[in-house]
Amino acid sequence: MTRAALVTRVVKPALYFAAVLPLAWLLFALLSGRVMGDEVKFMQHVTGDTILTCLMLTLAMTPLRRLTGWNEIIRVRRLIGLTAFWYACLHLSTYLVFDQSLSIDEILKDIAKHPWVLVGFTAFLCLVPLAITSTTGWVRRLGGKRWQRLHRLVYLAAAAGVLHYFWLVKKDVQAPLVYGAVLLVLLGSRVWFARDRTRARRSLSARTTEAKPAA
Amino acid sequence: MLITRPPDIPSSEITDESLFWNRRDFLKAAGLGAAAVGGLLPLRDRRLIGSDDEKLTPWEDVTGYNNYYEFGTGKDDPARNATRFVSRPWKVEVAGEVKWPAVYDLDELLKPFTPAERVYRMRCVEGWSMVVPWLGIPLGAVIDRLEPTSKAKYVEFTTLFDPQQMPGQQRRILDWPYVEGLRMDEARHPLAILVTGVYGKPLPNQNGAPLRLIVPWKYGFKGGKSIVKIRFTENQPQTTWSLAAPDEYGFFANVNPEVDHPRWSQARERRIGELFKRKTLMFNGYGDQVASLYAGMDLRRNF
């Protein structure tokens, strides 16, 4: 099997399946009554973890591609990103409906007063344009460069998501710190690759200038 | 030292669990007032009455959803990690400004008292709540027996420190051992109880066996668990959460919907088992009984 076929025939179907697993688990756990205590918190934790995991995975695609040269893997990034978005919709809905009973007044007060809510909202708002422009049509309409620039919003979304988690826990910040560390590595790798690229370009241009007099 | 067996609750005193669950239905079906059947049914000192919409939180939630960082910070950690915790024999040190300081065997200390049932709301500072049928002894009665001196203005409760048995203490999440405290008048208030059981059964390890404090008008964290030391002091005790985050947790920690936690609102709470939140009541609904303790105090400052 070619590496491209591996992506379309194995990786992608597996990811479709994986994408519904958290939701399946969520519903199963709730309906079978095995959730102890606060059921809404449970929904928020399962969806929240799924969002952050998906965001980390989308951010891992570029470094993975550079390290392995497996260029086709980039084709699953949209699927993972959209999974993050759909779970973010669920996550936000549980908050709006169950925590705030859809009271606009209460929601606005909560956002204004509590930074972790504001930061969570920010993360969600960052994901909205990315989800909308995730189609091939939009890539074409915007043009690769502009599309890419817009989609850098995912860095902000991921960072805001981790901060949201960090600020909400009462005391034990271990889990948000793990996400934070992963995010740091993923973003750091971009700086590293960018430096690599500049170096490569510089040596390339140096070689061309050297070559000139001879020509 | 006299070592006695746990004070067995006479079986006549124990409410059958199915009856317990359907108490109201039973009463309605019987078509009798509680007073009329009071002599026949083992109805005990029920504090949470006159509110039919406040059902008891199921045993599974009461014993499966716990904040007990000594056994881990996850809500299901205590039930998992406390299964082999040894709560007998148990010693309680009584110290400080008191006439009878000593290390007591727990059963000996509690021997003169008969645990009675108290159904209380339990409001966690995190914004969730339960209704729990505790089995306990008025703290005031135990204090009277120990005879604090006139210098005693506060009581301090210390939880066991034993990282071997309490794996959560192997991480420095909090400054172990856990310490909580009350002003003397709060401690002597008839609603404050030392709890030894729940749902008519001995207190499960994850709920703070063998002895914990319950102060129903305060946030749950005020109720120290697995108490090994009761100390009477002249000065306000340094309590664990107020040391860990002084801007978020005060010494008093009275349930107050008007004073928010810096990071979240305290105006509403989720009753375990319900999806939508309900309004949090001042002093957790015990204002009639306890508000006078704080007359003239600025509750915004003394949070």
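## Exercises on helix packing and chain contact

In this predicted model, helix H5 of chain A has as its buried residues Val117(A), Val119(A), Gly120(A), Ala123(A), Phe124(A), Cys126(A), Leu127(A) and Leu130(A).

**Exercise 1.** Determine how the length of H5(A) compares with the expected span, and state which helices its buried residues pack against.

*Solution.* Begin with the extent of the helix: H5(A) runs over residues 115–132, which gives 18 residues, and from its first C-alpha to its last it reaches 26 Å, close to the 26 Å expected at 1.5 Å a residue. Turn next to the surroundings, where the buried residues of H5(A) pack against H3, helix H4 (104–113), helix H7 (144–151) and helix H8 (153–168) of chain A.

**Exercise 2.** Describe the relative orientation of H1(A) and H3(A), and identify the residues through which these helices meet.

*Solution.* The axes of H1(A), residues 3–31, and H3(A), residues 77–99, come within 10 Å and cross at roughly 10°. Because of that angle, H1(A) is roughly parallel to H3(A), the cut-off for this class being under 35 degrees. The hand of the crossing is right-handed. On the H1(A) side the contact is made by Lys12(A), Leu15(A), Tyr16(A), Ala19(A) and Pro22(A), which meet Leu79(A), Ile80(A), Thr83(A) and Tyr87(A) of H3(A). Sorted by class, this contact has seven nonpolar residues, one polar and one charged.

**Exercise 3.** Carry out the corresponding analysis for H2(A) and H8(A).

*Solution.* H2(A), residues 39–68, packs with H8(A) at an angle of about 145°, and their axes lie 10 Å apart; the crossing is left-handed. From H2(A), the residues Gly48(A), Ile51(A), Leu52(A), Leu55(A), Thr58(A) and Leu59(A) meet Val154(A), Ala157(A), Ala158(A), Gly161(A), Val162(A) and Tyr165(A) of H8(A). The class count for this contact is nine nonpolar, three polar and no charged residues.

**Exercise 4.** State how many residues each chain gives to the contact between chains A and B.

*Solution.* Chain B gives 19 residues and chain A gives 15 residues. The side of chain B that touches chain A divides by class into eight nonpolar, three polar and eight charged residues.

Terms used:
Residues numbered from 1 in each chain as written. Chains lettered and ligands numbered in written order. Predicted model: local features only at pLDDT ≥ 70, side-chain atom pairs only at ≥ 80, totals over all residues. Axes fitted to C-alpha atoms, helices over the stretch in contact; angles between N-to-C directions. Helix = DSSP H or I, 4+ residues; strand = E, 2+ residues; numbered from the N terminus. Parallel < 35°, antiparallel > 145°, perpendicular 65-115°, else oblique. Left-handed = near helix turned anticlockwise from the far one by under 90°. Contact = placed C-beta atoms within 7 Å. Nonpolar A, V, L, I, M, F, W, Y, C, P; charged D, E, K, R; others polar. Expected span 1.5 Å × (residues − 1). Buried ≥ 20, exposed ≤ 12 C-beta atoms within 10 Å, placed from the backbone.
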